[in-house]
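Hi,

Here is the structure I promised to send over. My notes on what turned up in it follow below.

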There are 2 protein chains.
Amino acid sequence: MKRWIAATAGLLGWVAMDLLNGGAPAAAQELMTEKKVFTLPNFTTQSGRTLKDVKVGWESYGTLNADKSNAVLICHFFSGNSHAAGKYAATDAAAGYWDAIIGPGKAIDTNKYFVLSSDTLVNLNTGDPKTTTTGPASIDPDTGKPYALDFPVVTIADFVNVQKALVESLGIKRLALVAGPSMGSLQTFEWAARYPEMVAKAMPVIGAGEADAQLIAWLDVWAAPILLDPNWNKGDYYGKTPPNAGLAKALTVVTLQANHQDWANATFARRAAKEGEDPAKSLGSKFQIQSILDNAGEARAKVSDANHFLYLVKANQLFAAGGTSLSDAATKIKAPVLLITQPKDLVFTADAVDRTAETLKKGGVDVTHVHIQGSRGHLDGVISMKQAEGAIRAFLEK
Amino acid sequence: MKRWIAATAGLLGWVAMDLLNGGAPAAAQELMTEKKVFTLPNFTTQSGRTLKDVKVGWESYGTLNADKSNAVLICHFFSGNSHAAGKYAATDAAAGYWDAIIGPGKAIDTNKYFVLSSDTLVNLNTGDPKTTTTGPASIDPDTGKPYALDFPVVTIADFVNVQKALVESLGIKRLALVAGPSMGSLQTFEWAARYPEMVAKAMPVIGAGEADAQLIAWLDVWAAPILLDPNWNKGDYYGKTPPNAGLAKALTVVTLQANHQDWANATFARRAAKEGEDPAKSLGSKFQIQSILDNAGEARAKVSDANHFLYLVKANQLFAAGGTSLSDAATKIKAPVLLITQPKDLVFTADAVDRTAETLKKGGVDVTHVHIQGSRGHLDGVISMKQAEGAIRAFLEK
């Protein structure tokens with residue numbers, strides 16, 4: 001059972017990752033890191049609102065060289081945070097989510113590169129002590145109360161602008177690589193289109209250059225359970241009962257769409273949730289896949305924030321690389337692009353991804369498009385990245 | 001705007017169909033029908049509960065021949081009813097949903113066949129005067145109050161058993177053809193597996209022989225908004241405010257998954273819902289696809305019942321042809337099967353459908369598998385059936 005929960009929670013939680021992957025032997029796991037906090041006294045959003053005291057967590061692996069030319073930025077996925085690789089303590093159950101490709105001697109070699117990653121604004125994991133973010137759940141310094149829905153709508157460009165301030169605070173003028181899976185790929189496209197002079201190479205994984213109508217509509221499906229939970233109370237629930245039933249269900253939808261039927265059917269088939277209880281017994285009697293997804297969603301909801309989920313949905317819906325459109329972005333991007341996708345992805349479908357590759361090429365971008373395989377669909381871009389090791393090495397060396 | 005609503009509401013409403021299809025010219029639309037009601041004084045469900053005074057609506061086209069050997073049964077989809085073809089009045093805006101293939105001289109030729117169709121138990125459309133059904137919204141004769149969640153869980157086999165009683169009441173001993181799209185295909189498989197001597201030929205369209213784990217989980221996503229709506233009140237809302245916000249959202253999920261990105265992206269792209277209102281303006285500002293889907297869901301919710309929706313979800317989740325499994329059903333089915341599917345279907349995926357075809361063939365069933373094409377995905381099995389005209393004629397003649 002524990003293994004199923006881990007497998008199911010996969011994309012939702014880096015915490016659960018190692019149970020899924022079996023965990024790397026401690027001896028091979030040399031990369032250690034620590035969480036730091038970056039503070040911006042003032043940050044002005046794309047919508048024109050100036051927020052005070054904006055904080056995000058970040059971490060790094062490897063050493064910045066003298067001319068600060070070896071920095072790699074990793075951008076995280078929807079439900080993730082900046083823990084991209086390594087461990088905080090040798091006893092940690094799991095390493096960061098892309099540990100398979102980031103570390104000493106690995107595809108993104110920390111003996112050569114200084115790799116950093118930061119938590120986004122409105123990060124989902126407000127209850128995780130290793131995540132620092134600023135969003136609706138944060139205290140507004142002007143009122144002493146949580147912003148709730150008074151927090152401005154933020155965009156992928158805002159996420160990137162916070163990262164840019166962090167990068168510049170370290171004296172870095174140009175990034176050797178920007179990369180990330182899923183929502184991390186959106187940030188990667190945004191970086192490459194918005195700050196082409198600062199991005200030497202770009203590696204978007206399991207993502208597209210803009211949210212199309214289909215993705216916009218599906219993201220509404222993700223958000224729906226929160227909006228219907230009476231405890232959501234139009235976002236005003238801090239200090240009250242949070243809308244965790246809605247948030248849990250929202251997280252189950254993410255988990256389901258981020259996986260693939262190959263995995264779901266092979267793992268659960270039509271087994272009942274409780275041995276001996278026919279799912280036909282009552283309206284509430286479940287099949288195993290229902291209870292496993294629900295349990296994983298409920299566990300994860302306890303350390304997540306519903307308003308942050310809704311703001312993330314909005315940021316993803318609004319996304320078009322560079323702020324206008326993919327075709328416009330294609331004329332701005334200078335970095336060669338290594339696009340890594342999974343043909344079975346149910347979130348960023350093969351259609352959407354192929355359209356992105358074609359549009360970029362038409363705009364003159366140097367695109368290498370590589371596929372990874374697996375039974376997990378979208379999630380393979382997080383957990384099966386070792387497959388792309390050779391392509392990543394070749395891309396970084398070219 | 002009206003055209004978009006119709007297009008969006010497509011699968012949800014046969015009422016909206018003609019706007020979508022442009023409507024057939026009145027002169028060509030000769031087939032007329034009327035709604036009748038079939039009553040069973042007692043009906044015992046698969047779960048062993050005996051319900052009194054079970055009523056379902058039904059209609060027919062063509063004439064039953066003297067030896068009652070020319071009967072064709074059409075089974076409806078999740079959100080449909082028994083209005084499979086024809087019109088009730090010449091002034092009707094739309095004909096029944098499969099009018100393209102049912103009628104005088106059409107693929108299922110009503111000059112030759114007596115075609116009938118009935119509303120299922122727990123039919124969604126409780127507010128439609130042309131639908132008659134028995135379910136949670138019906139008055140329990142023993143209490144004088146709506147059953148609500150005291151209504152027993154019902155299955156696709158229960159739907160079929162009500163149809164069997166109707167068919168037998170007409171003196172029909174064997175059906176020349178059983179056919180239906182989506183949930184109608186599940187009833188078709190159930191008929192062929194449960195009553196093999198009564199089914200000469202079977203034509204399941206856009207469906208599979210059992211609900212796999214993936215479908216079971218997605219059906220939970222459909223139901224989630226209702227369960228979270230505080231007005232659902234554990235199913236006890238009759239005479240009170242019904243959970244129409246949740247039901248409307250549930251219906252938008254159905255519409256989205258029953259369509260395809262080819263349609264969504266081509267129809268809506270990234271246009272704003274309101275001209276001049278940037279979707280980035282506020283959390284509630286929408287893209288066009290969001291508002292169109294929401295409006296269609298809200299309109300449809302007004303004539304639908306939330307508990308019936310949940311019971312339909314349950315019936316679909318429980319489905320395995322013949323009551324055990326697809327592989328078991330494959331050994332029982334005697335009828336040749338014409339399986340018509342859409343490779344882009346997001347509800348019954350190509351994987352699931354191909355697995356059904358293979359399993360049936362392994363069990364010795366004579367399967368012809370035909371694909372239809374289009375930009376609507378699952379919905380093409382309702383609105384694009386004219387493509388399959390030749391295959392259907394050949395199947396009926398062989």
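This is a predicted model: local features need pLDDT of at least 70, side-chain atom pairs count only at pLDDT 80 or more; totals for chains, interfaces and linings use all residues.

Between chain A and chain B, 24 residue pairs are in polar contact, both residues at pLDDT 80 or more. A polar contact here is a pair of N or O atoms within 3.5 Å; within protein, one must be able to donate a hydrogen and the other to accept it, and residues adjacent in sequence count only if both atoms are side-chain atoms.

Residues are numbered from 1 along each chain as its sequence is written, chains are lettered from A and ligands numbered from 1 in the order in which they are written, and side-chain values use heavy atoms, with hydrogens and water left out.

Back to the interface. It brings 51 residues of chain A into contact (heavy atoms within 4.5 Å) with 51 residues of chain B. About 4,200 Å² is buried between the two chains, 66% of it on carbon and sulfur atoms; that is the accessible area (1.4 Å probe) that two parts lose on being put together, summed over both. On the chain A side, A:Leu228, A:Arg270 and A:Leu283 lose the most area to chain B, together 18% of what that side buries.

Now for salt bridges elsewhere. The count over all chains comes to 38. In one of them, the side chains of A:Lys35 and A:Asp119 pair up at 3.9 Å, N to O. A:Lys35 sits in the loop between α2 (14-21) and β1 (36-44) of chain A, and A:Asp119 in the loop between β6 (114-118) and β7 (139-140) of chain A, so the pair ties together parts 84 residues apart in sequence. Helices (H or I, at least four residues) and strands (E, at least two) are DSSP runs, numbered from the N terminus.

One helix pair is worth a look too. The axes of α3 (residues 156-169) and α4 (residues 183-194) of chain A come within 9 Å and cross at roughly 70°. Axes are lines fitted to C-alpha atoms, for helices over the stretch in contact, and angles run from 0 to 180 degrees between N-to-C directions.

Cheers

Key. A salt bridge is a side-chain nitrogen of Lys or Arg within 4 Å of a carboxyl oxygen of Asp or Glu.
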